[in-house]
Amino acid sequence: MTTASPVAPVILDSAERRATARLIVDRVSKRFGTGPDAIDALLPIDLAVNGGDFVCIVGPSGCGKSTLLNIVAGFETPTAGIVTLDARAITGPGRERGVVFQQGALFNWMTVEENVAFGPRALGKPAGAALDTARRYIELVGLTGFTRRYPYELSGGMQQRVGIARALANEPEVLLMDEPFAALDQQTRELLQEEIRGIWRRTGKTILWITHSIEEALFLATHVVVMTGRPGRIKAAFETAFSRDPDPLVTTSAAFAEAKRQVVSLLRQESLQAQRQEANA
Amino acid sequence: MSVARRTARRNQLLGFASFAVMLLAWIAVTGSGLWTPLVNPTFLPSPVTVANTFMRLADKGYQGHTLLHHFLISLMRFGIAFAICVAVGVPVGLLMGMSSGARAVLDPPIEITRPIPKLALLPLFIIWFGIGELSKTIVIITALFPLISISAMQAVRAVSVRKIHAAQSLGASPAMIFRRVLLPASLPGIFTGMRVSVGIGVTMLVGAEMVATSDGVAWMALTAADFVQTDIVLVGVLIMAVLGYTLDRIFRMLETRVVHWSGRD
């Protein structure tokens, strides 16, 4: 490690970051319902993501991190504020933002290659060219040999690879990942985490990643954003360097443990507070 | 052999055994020429008598029509009604599932008429549509249409929003989302609705052929009952049972072939 501390606090919406950022979340808040029953899911959030950043958003359950991702994806509209990508406002789903879901988002009536070719087809590529593109990305996620299988014939980890290949096949500017590995077992998850690091390094994609696992966030991210319990807002943000460490076993190092300790203690306070709020409610 | 396959094989044998026991009980109480019948043959003829009657009917026909004619005319009545219900009911159901406006318009008439026993409407249909094929077809349609359209509606509404979101963020147009996501994702539910309505449709034949007819398998059974020809009644009943069972098997087979992804999410 070259830096003294493996995690350094960072202000993610500073003026200089905003000046260069591609994806900007600007005073975005979300309230569900109206009147006295309304629930604030997100208090105003500011985020500036540079091209090539790998931003992990960590927070307790129900903190609105998925809501934030859904807003960036264009599935939900913010109550206030705006999200822009390359200075264009986001008003709905779009191919420049590829989304990988936790599970259950694959098309079971299509083979693996048809799933991955769906995006290129939607963009108007002829069937043959779309399949060629699909096979390239299937190879990238290591599923050559399974192109003609149906998703339900594959393991959970392989299904997530299909989901990643499908999102990548449209060559999106940003990848949005909503706890993509949460439903997988530990070994599969660790293996896929390593691979997603590899894919990120090779493709230089900008990634916004939702997780409740601090370890996952520290291992993958260039920037870790810690959110508070509901209503969600940003509690702290860190810059980390572990994602650039070539050692896949970096998670067992002392520096990693220390970094985790810092983030865990922050998140612990939040979880406790969230529980107390629930008990009082 | 795997445990699952062994269980499947065992259950198949149990199914045969269950059928064999029913047949043996029938043979036992009716004597079947082996011993004195335990019940009056007029009320319950033996399987042998029923088989002989079937051969006789197949050979000589019943009341001026061949047995094949009775069978085919019943199949046609059911088939036409079923085809119309699928051709109209599935699109209507899909529309209701996708548009809350369409649901607001179409749901009340379907839901209000659903609990009405459709056979009770038959006299009315005969007044409106005459004693020909039309009133018979319509009474079967009224029974099947709600089943098929509502199952299509529920199927499309049950499509996971994630799949739709995924398609949207891959740049798919609404037409492409319908054709390649909503429709295939709803097919398993649509198939279930069709399979259920096959059974009910065959049952409805009895009602449709109750009045103002002179052919059909159900009509044959009903007419024979008036003359206490229980052997002919049983031939008619068994033909309908076999028809219903066969159609159900065909649909199950189609289901595993056509919608292989059913229930595998």
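Trainee: What share of the 265 residues in chain B is buried?

Mentor: This is a predicted model, in which local features need pLDDT of at least 70, side-chain atom pairs count only at pLDDT 80 or more, and totals for chains, interfaces and linings use all residues. Residues are numbered from 1 along each chain as its sequence is written, while chains are lettered from A and ligands numbered from 1 in the order in which they are written. A residue is buried if 20 or more other C-beta atoms, placed from the backbone, lie within 10 Å of its own, exposed if 12 or fewer do, and partly exposed in between. Of the 265 residues in chain B, the buried share is 35%.

Trainee: Among contacts in chain B between residues at least 6 apart in sequence, what share joins residues at least 24 apart?

Mentor: Two residues are in contact if their C-beta atoms, placed from the backbone, lie within 7 Å. Along the principal axes, the C-alpha atoms of chain B fill a box of roughly 75 × 60 × 30 Å. Among contacts in chain B between residues at least 6 apart in sequence, the share that joins residues at least 24 apart is 68%.

Trainee: Of what classes are the residues on the side of domain 1 of chain B that touches domain 2 of chain B?

Mentor: Domain bounds come from an automatic or database domain assignment, which gives chain B domain 1 (1-39) and domain 2 (43-258). Taken over C-alpha atoms, the centres of domain 1 and domain 2 of chain B are 30 Å apart, and nine residues of domain 1 of chain B meet six residues of domain 2 of chain B. Ala, Val, Leu, Ile, Met, Phe, Trp, Tyr, Cys and Pro count as nonpolar, Asp, Glu, Lys and Arg as charged, and the others, Gly among them, as polar. By class, this side of domain 1 of chain B has five nonpolar, four polar and no charged residues.

Trainee: Which element gives the most to the side of chain B that touches chain A?

Mentor: The contact takes 16 residues from chain B and 21 from chain A. The residues on the side of chain B divide into seven nonpolar, five polar and four charged. With six residues, the element that gives the most is α7(B).

Trainee: Which helix of chain A gives the largest share of the side of domain 1 that touches domain 2?

Mentor: Chain A is divided into domain 1 (7-96 + 174-280) and domain 2 (104-171), with 26 Å between their centres over C-alpha atoms. Nine residues of domain 1 of chain A and nine of domain 2 of chain A take part in the contact. The side of domain 1 of chain A has seven nonpolar, one polar and one charged residues. The largest share of that side, three residues, comes from residues 186-203 of chain A, helix α6.

Trainee: Which residue of β6(A) stands opposite T84(A)?

Mentor: Strand β5 (residues 80-85) of chain A is joined to β6(A) by two bridges, and D86(A) takes a positive phi near 50° in their hairpin, which has two residues between the strands. Strand β2 (residues 23-32) of chain A pairs with β5(A) over five bridges, and there T84(A) stands opposite I24(A). In β6(A), the residue opposite T84(A) is A89(A).

Trainee: Which residue of β9(A) stands opposite D178(A)?

Mentor: All five residues of strand β8 (residues 174-178) of chain A are buried, so β8(A) is largely enclosed by the rest of the structure. V174(A), L176(A) and D178(A) point one way from β8(A), and L175(A) and M177(A) the other way. Five bridges join β8(A), in parallel, to strand β9 (residues 206-211) of chain A. The residue of β9(A) opposite D178(A) is I210(A).

Note on methods
Helix = DSSP H or I, 4+ residues; strand = E, 2+ residues; numbered from the N terminus. Pairing = 2+ DSSP bridges.
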